[in-house]
Amino acid sequence: MNSFQALRRTIQGPAQAHKRAVTFGITTATRPFSSHITTHLLNSPQSPSNQNIEAKKTMDYQDWTKERLLERVKELEAQLKTQSQPPQQPTPVLQPPAAATPTITTEEGEPPKKKQKKKSTGIDPSRYSTRLIALKLSYLGKNYGGFEHSGYSNVPSIEEELWKALVKGCLITPADPSKIDFAPFEYSKCGRTDRGVSAFGQVISIRVRSNRPPSKPEQPAEEDVVMEGTPEQNNTPQLPGKKQQRNPKKEWEDIVDEINYPKVLNRLLPPDIKVLAWAPTLPEGFSARFSCYERQYRYFFTNPSMAPTLLAPGEKSGWLDIAAMKKAAKYFEGLHDFRNFCKVDGGKQITSFQRRIFECDIEEVEGQDLGGMNFWGEEKKGKVYYFHVRGSAFLWHQIRHMVAIVFNVGQGLERPEVVRELLDVERNGRKPGYIMAEEVPLVLWDCVFPKRPEIVTGEGEKKVLSRGEDERAFMHDPDFKGEIKFEDDGVDWVWLGEDQPGNLMGSNGLVDQLWEYWHERKMDELLSGLLLQQVATRADLTRKLGKEEPAPKKNGKENLQRVYKGGNMTRSSGVYVPVMKKELMPTPVEINHKWAQSKGFKDSEDMANTKNWRSVIKANKAADKAAAAGGEKSV
């Protein structure tokens, strides 16, 4: 259990405090609270904390931001400090008589009152109009607990940082800014990237404050009567019998007159989260989640994948066979059941694992190499590649499972045809227990919202899909063999810099902000590369001055093989066990049954037949908490 989970449980459970002292420690990266904080909630009828037990029971801390939780810790510390200090008797102190100071009084004989600073209450949302917009985000996910906010993570989420920027910029006005709740703002998101995963084309839609004047009932234009003898009468010719009208108001311009949402948010967001573009007008019924037809992911890796060290007999090197990897990747294209390429969560009760992959391949990153580092000879040069996949939707951890198998193929540990075998769920209905790839190199590259999807049938006929219930049917049609193209973007994005070039390329523009962040890491890469080059090339390995050590062993066998799992991760597996011979995991049906039974249902079918089963689970959980609290009260 992480520190913030312990914190929430401690605050939410004050009813148990009179039975025992609750001690919790917060050891997070938050600087003011890096040391342990120990709190004892004592059983005292006079204790203010115990007087408010019933009120605290109703408080829900799951959606609180980390800053608000730490403020709550400070409040509890202050309460306990006042409780633990005994009342002190004032001791008289003899002081010499002070010199008389003149007292300033008002005419009524009272001293003047000090002016109090006005507290900022924010903006009045009733005075502003709102509009639904879309934002295209980019972020480096290494330091975050995923895109979606979770009360159980000890690191911030992308949504949490976005929420704080929206609130601080007065673009949304929630009733309680400390509670993260996007529901009142028509919020939707395209992808839910996991912990450590980055995105360069994430899309959200949200209703925000606008500069557009609130709509008012139309009134006839007012007329100005020019008074006699004024400069206006002397300088402006006026026709007899005509009254002069005011200048008409300037027509609203959607880009020039509106808030520059990317610029405002980028000033408030961390350096590794930025808004790239916004869309002022959206198609009717737009949803960042359901209007998206295509999600593109890229998983980046180097070749060689690991340090080309001296090999034991029979050991495969870190050099990857790109041609074999490309062949394996092509087996993913089309409509398949991916239950052997994902992690099944019983809480989601997913029963269909069919997904369509439009394209899957291995591509070289042009213009990128290993920074001139090459200590394995001129005949081989290190390069950077990415696993490229386009699809309509993906299962949990699907891409990381796909990449892990492709890496095994690249190392020569598996044949490319192993992908085809794992996709054959009729013959292989249980997933082998292999390890998925690391999360950091994975990037949600783009999200596509086409005007009208165009498909090319197997006979070469072009067909533009019409809007309707069957609009996405081709994605799940096993007989469809054609090509799917999404060329025209249905969202008119306004990219930062298209409004004013200085917002992108000027001083303190977006490029200037990212340059400093990039340059720091580029220097780290350069220096670490030069260090590795120096270390690898100084020694003369032909001298062999010492005695050669035997190969390390694991479980009595020679530790032969290191397996690459993406990013910086390699695993020493001893004698490599092929994927199809690994221990088999439970089927999705078994996982769903087990989870349903843990919630009090007979099985997953019984739960599915229960109307609003999620609400039933929540009600049962609340009833159990109330019963437990009532039992402790009676003790």
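Two residues are in contact when their heavy atoms lie within 4.5 Å.

**View 1. The whole chain, a predicted model.** The chain holds 15 helices and 19 strands. Take the contacts between residues with a separation of 6 or more: 71% of them join residues 24 or more positions apart. Of the 635 residues, 39% count as buried. The exposed surface comes to about 39600 Å². Carbon and sulfur atoms supply 51% of that area.

**View 2. The largest nonpolar core.** This core has 88 residues. Which of them touch the most other members? They are L135, L166, F301, F332, F341, F387 and V389. Helix α9, residues 398-410, gives the most to this core, with eight residues. In soluble globular proteins, nonpolar side chains tend to be buried together.

**View 3. Around L166.** Set aside the neighbours within four places in sequence.

**View 4. A second core.** This core is separate and has five residues. Among them are A596, F601, M607 and W613.

View 5. L530 lies in helix α12, which spans residues 510-538. Is L530 buried, partly exposed or exposed? L530 has a relative accessible area of 48%, so L530 counts as partly exposed. Buried would need under 20%, and exposed over 50%.

Notes. Residues numbered from 1 in each chain as written. Predicted model: local features only at pLDDT ≥ 70, side-chain atom pairs only at ≥ 80, totals over all residues. Heavy atoms only, no water. Helix = DSSP H or I, 4+ residues; strand = E, 2+ residues; numbered from the N terminus. Buried < 20%, exposed > 50% of the residue type's maximum accessible area, 1.4 Å probe, protein only. Areas by Shrake-Rupley, 256 points an atom, 1.4 Å probe, with all protein chains shown as cover. Core = buried A, V, L, I, M, F, W, Y, C linked by side-chain atoms within 4.5 Å.
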